[in-house]
Protein chains: 2
Amino acid sequence: MQKQTFLTKNQQIVLNLVEKSSQPLKAYSILFNVQKKGIKAPLQVYRALDRLVEIGKIHKIESRNAFIACQDSSCQISKATAFSICESCEKVTEINNSKLSKYLKNFKDNSGMKYSKYNLEFFGVCKKCKNK
Amino acid sequence: MQKQTFLTKNQQIVLNLVEKSSQPLKAYSILFNVQKKGIKAPLQVYRALDRLVEIGKIHKIESRNAFIACQDSSCQISKATAFSICESCEKVTEINNSKLSKYLKNFKDNSGMKYSKYNLEFFGVCKKCKNK
DNA sequence: TAATGTTTTGTTATATTATAACAATGTGTA
DNA sequence: TACACATTGTTATAATATAACAAAACATTA
Ligand SMILES: [Zn+2]
Ligand SMILES: [Zn+2]
Ligand SMILES: [Zn+2]
Ligand SMILES: [Zn+2]
């Protein structure tokens with residue numbers, strides 16, 4: 001049997017929820033919200049999340065331990081992610097900027113190490129919050 | 001009483017340990033290693049870590065939940081951090097590259113949000129591991 | 001279609017990471 | 001000294017994540 005190319009039932013349930021949310025969701029909040037769909041245990045959620053992250057459908061916001069749906073179709077291939085995070089309202093937005101991604105993909109430091117992946121998190125105060 | 005400008009005893013103990021380590025340390029591994037110095041509880045470690053991160057003496061590697069001593073004196077001011085992480089041996093190195101930091105500090109996306117801080121984590125396989 | 005090997009799932013238990021709450025102690029200032 | 005407040009110690013608990021293993025689902029092919 002080959003590794004799945006489609007989404008399994010649990011993965012689809014989790015993805016649907018994460019995609020409906022405008023903001024990152026925590027694993028246990030996801031669990032709570034999918035219990036009526038038959039997902040009962042943390043591991044079922046974490047397994048679905050792991051796979052969804054692996055195939056680029058969602059991303060983990062590492063500084064928040066939370067998960068957000070991908071808003072940029074190229075992520076499935078590139079493994080290159082960037083986010084802006086408002087430290088006041090916690091709004092998170094995926095940054096889709098080709099210049100930035102080009103710059104970072106080509107970045108080489110002097111260690112001679114080749115990077116296959118990066119994650120960038122910007123922090124600040126969003127427009128909305130600043131005008132309050 | 002003003003907020004301290006020096007390091008308190010616990011902070012110094014934790015910092016000493018983290019600085020001695022060439023690699024990121026986890027909070028509970030720090031706790032285990034400073035118990036002979038009189039630090040008994042997780043919260044004592046986390047409080048010290050929080051402050052040390054705040055003043056830029058150490059950084060948290062978010063994707064690893066681990067802490068590493070700052071290897072770049074400008075971090076105390078800039079709140080701009082970048083790391084390379086080997087996914088094979090887990091070696092972490094702070095990237096100190098003025099072009100990169102300049103580029104990222106000046107980066108503006110089209111949301112009109114002003115960033116005061118960023119954290120960037122590059123992943124790959126280090127030279128050593130590649131030659132194995 | 002039955003046997004086989006593999007992936008995915010369900011389930012229980014447990015490990016790991018981090019914070020809440022509050023009393024006690026220390027320290028600078030008036 | 002009296003006050004304000006920062007820091008510490010302590011216990012308990014919350015939040016995040018994984019280990020282990022049996023059961024079920026599914027593709028392959030005999
Ligand atoms: Zn994406
Ligand atoms: Zn905001
Ligand atoms: Zn630094
Ligand atoms: Zn390596």
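Predicted model: local features only at pLDDT ≥ 70, side-chain atom pairs only at ≥ 80, totals over all residues.
## Zinc site

Four cysteines of chain A hold the zinc ion (ligand 2): C86(A), C89(A), C126(A) and C129(A). Each coordinates the ion through its SG atom, at 2.2 to 2.3 Å. Seen from the zinc ion (ligand 2), the 4 donor atoms subtend angles of 106 to 114°, so the arrangement is tetrahedral. For comparison, the ideal angle for four tetrahedral donors is 109.5 degrees.

Along the sequence, the donor residues follow the spacing C-x2-C-x36-C-x2-C. Distant parts of the chain are linked here: C86(A) belongs to strand β3 (residues 80–86), while C129(A) belongs to helix α6 (residues 127–130), and the two are 43 residues apart. C86(A) and C129(A) are both buried.

## Surface patch

On the surface, a nonpolar patch is formed by Y28(A), L43(A) and Y46(A). Together these residues have about 320 Å² of accessible area. One of them, L43(A), lies in helix α3 of chain A, which covers residues 42–54.

## Relation between the chains

Two copies of a chain are related by a rotation about an axis and a shift along it.

How values were computed
Residues numbered from 1 in each chain as written. Chains lettered and ligands numbered in written order. Heavy atoms only, no water. Patch = residues over 30% accessible without salt bridge, like charges linked within 9 Å, V, L, I, M, F, W, Y side chains within 5 Å. Areas by Shrake-Rupley, 256 points an atom, 1.4 Å probe, with all protein chains shown as cover. Salt bridge = Lys/Arg side-chain N within 4 Å of Asp/Glu carboxyl O. Helix = DSSP H or I, 4+ residues; strand = E, 2+ residues; numbered from the N terminus. Donors = N, O, S within 2.8 Å, 3.2 Å for Na, K, Ca; no water. Tetrahedral: all angles 85-135°; square planar, octahedral: opposite > 155°, others 65-115°. Buried < 20%, exposed > 50% of the residue type's maximum accessible area, 1.4 Å probe, protein only.
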